[in-house]
Each structure stands twice: as structure tokens, then as C-alpha cells.
Amino acid sequence: MIRVKVSTAVYPTEDPEKVIKAISSLFNDIKLRKEVIKTTGPETEASPSFFFSAEGGIEILHTLHGLIRREEIIDSVRNKAFIKGLSSDGLSIRFLLNKQAAIVGVPSIPAQEEPLGSIEVIIRTDSQEEMERLFEWLLPLTEEGKPVVEVEMDYVQRD
């Protein structure tokens with residue numbers, strides 16, 4: 001089973017509606033929860049006000065899948081995010097997406113954590129084989145930037 005968690009901090013200088021729009025433009029049918037931050041000291045301008053997060057299955061990655069192809073960044077995303085963010089056991093991956101680029105529907109991998117935070121995506125699978133199938137679906141091998149073979153989402157979800 002594939003489990004996807006998407007989350008981001010929202011800072012006092014950010015418009016929460018724009019943050020919702022950013023996340024919704026990359027992930028379909030996502031139902032965001034607002035998580036209040038429990039603080040023990042005085043809040044500062046640099047501290048987030050709250051978090052938005054959502055969890056779901058592979059289906060919430062469908063829009064991201066299409067956007068990566070539209071922007072022709074399969075190789076870039078694979079190299080910048082997926083290979084670096086894969087856990088040592090091969091069962092989870094963590095990568096970041098730029099909030100500002102997401103507002104206009106462009107998936108972009110920031111070089112590092114951004115001052116106002118990035119959109120964090122964590123994907124967990126039950127097996128390395130399932131993770132490999134996820135890679136084949138989301139970020140297949142390419143030739144001259146185009147996928148060599150495209151597989152359907154049901155290929156990833158098979159038992």
C-alpha cells in the first residue's frame with residue numbers, strides 16, 4: 001500500500017488561501033487539515049503560524065504526475081529529489097516542492113529548505129518492489145527527456 005503525506009508550514013506573512021491554492025495545484029482531491037502549533041514561548045515573525053497537511057494514497061499524485069510530464073522535468077525531479085530523498089531501507093521517500101512555483105501549477109524542487117518553508121512530500125510503501133513500481137510510474141526512465149515506457153497507475157497498485 002502506498003501512503004502519501006503532504007504538508008507545509010504557513011507563516012504570518014503568507015496568505016493561507018494562496019498556500020491552499022499552491023498545494024491544490026499540484027495534488028488532486030486533497031483535503032487539507034489545519035494543524036495549530038503549540039508554542040511555549042513568544043512567537044516571532046520567523047515562526048510558522050500553523051501547518052496544512054493531508055494524507056492519502058497514490059491517487060493524490062495523479063496531478064503531479066501530469067505536471068512533471070508537461071514541464072518535461074522527469075529527469076530533474078528524479079535526480080534532485082527522488083534519488084537523494086530515498087530512505088536507506090528503500091521504503092520511503094521525502095522531497096520538497098517550492099510553494100511559490102506551485103501557485104502557478106509548476107512543480108519545482110528547491111535547492112534547499114526555503115525561508116518560508118517548502119511543501120514537504122513523504123511517500124511510504126510496504127515493499128521495495130512497490131517503491132520501484134512507483135518510480136516507474138511517476139518518474140520513468142527517459143530518452144531525450146521523454147519516457148521510454150509509460151505505465152498506468154494500476155501497475156503500481158497491483159498486489
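A salt bridge is taken here as a side-chain nitrogen of Lys or Arg within 4 Å of a carboxyl oxygen of Asp or Glu. The structure is a predicted model, in which local features need pLDDT of at least 70 and side-chain atom pairs count only at pLDDT 80 or more, whereas totals for chains, interfaces and linings use all residues. Residues are numbered from 1 along each chain as its sequence is written, and side-chain values use heavy atoms, with hydrogens and water left out.

A search of the whole structure returns 10 salt bridges. One of the pairs joins Arg78 to Asp75, with 3.1 Å between the closest N and O atoms; because these residues lie 3 apart in helix H3 (residues 74-85), about one helical turn separates them. Helices (H or I, at least four residues) and strands (E, at least two) are DSSP runs, numbered from the N terminus. Arg78 is buried at 12% relative accessibility, while Asp75 is partly exposed at 27%, where buried means under 20% relative accessible area, exposed over 50% and partly exposed in between (1.4 Å probe, protein chains only). A salt bridge is also formed between Glu120 and Arg94, whose closest N and O atoms are 2.5 Å apart. This pair links distant parts of the chain, with Glu120 in strand E5 and Arg94 in strand E4 (residues 92-97), 26 residues apart. Arg94 is partly exposed, with a relative accessible area of 42%.

Arg70 and Glu71 likewise meet through their side chains in a salt bridge (2.7 Å, N to O), and Glu71 is partly exposed at 30% relative accessibility.
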